Amino acid sequence: MNNNKKVYRIIGRWVKIILPFCLLTFFPFTMKAQVGDYRTDLAIGVNGGYAMTRLSFTPDVPQDLLGGVTGGLTIRYTCEKYFSSICAITAEVNYMQAGWKERILDVLDEPVYYEGDDSDPLRYQRRITYVQVPLLARLGWGRERKGLQAFIQLGPQLGFYLDESTETNIVQGRPTQNTRVSSVVAQETMPVENKLDYGIVGGAGIEFSHPKVGHFLLEGRYYFGLANIYGNSKSDYFAKSNQSNIVVKLSYLFDVIKTKNPKIR
């Protein structure tokens, strides 16, 4: 019965995510016969960038942002210009380095050292790699073929676990000179339990287009995960263990299909 309730909660969350997304994405199609300017532009390309990630634990785990790389393939279909807004759908398949980096300090906010060793403070970080698949509704304003365009995009994202690795110098049972202010250490020996990650991602950026070269995009994104990497039942240690990240990325797209319309600039 508990498993069924968990499945229903996940389905309910996805309905809340996907329904507004679908309304935003497909609304322009319903209006094109009235005021929209129809498009059938298809562009594909690559993207790459830098991600800064942390996990939200309950009980709390002090952390700094963990840096990692991300990159993959992008496909974009532009369907319409509705008034001044250029409407499109963007999908990606990306490799992503996520995880967390612990801030191990004492009550005086000083690094913690082992007895007799002042050269190497206690450190711990866990890197989790995913294949991420975002599906984004996009609105842009500006030039489509030659010049600058500003844009925003929003939608759901799935993440499929690949592997994880740990970098640490912590030795269980070895005495330290000073005491860690946080006693929450269970996560340091727990492997990832839930292999599927999902959440909401949104971004904003600028695009420079040239008709003979293609499209160059600079974008900042924020991802908020709705899934926990550990179990969150009453018998589990953590009530919450979801990830969030900030990504800055560059993309290059080239046109595969372009709408034949001399009015498009």
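How many nonpolar, polar and charged residues are in the lining of the second largest cavity? I opened my notebook with that question. The model I looked at is predicted.

**Entry: the count**

I began with the general idea. Rolling a probe the size of a water molecule over the atoms shows where empty space is left. Then I looked up the cavities here. I counted 5 cavities of 30 Å³ or more.

**Entry: the largest cavity**

I looked up its volume. The largest cavity holds about 130 Å³ of space. I found 14 residues lining the largest cavity. Nearest its centre lie D41, R76, T78, E144 and H215. Strand 1 gives the largest share, 3 residues. I then sorted the lining of the largest cavity by class. I noted 7 charged, 4 nonpolar and 3 polar residues.

**Entry: the second largest cavity**

I turned to the second largest cavity. Its volume is about 100 Å³. I found that 13 residues line the second largest cavity. Closest to its centre are Q132, Q157, R221, N245 and V247. Strand 4, strand 8 (214–225) and strand 9 (240–257) each give two or more residues to this lining.

I sorted the lining of the second largest cavity by class. It has 5 nonpolar, 5 polar and 3 charged residues. For the largest cavity, I had noted 7 charged residues.

Terms used: Residues numbered from 1 in each chain as written. Predicted model: local features only at pLDDT ≥ 70, side-chain atom pairs only at ≥ 80, totals over all residues. Heavy atoms only, no water. 1 Å grid on protein atoms, 1.4 Å probe; cavity = no way out; pocket = protein on both sides within 12 Å on 5 of 7 lines; lining within 4 Å. Points joined across faces, edges and corners; volume = space filled by probe spheres on them. Helix = DSSP H or I, 4+ residues; strand = E, 2+ residues; numbered from the N terminus. Nonpolar A, V, L, I, M, F, W, Y, C, P; charged D, E, K, R; others polar.
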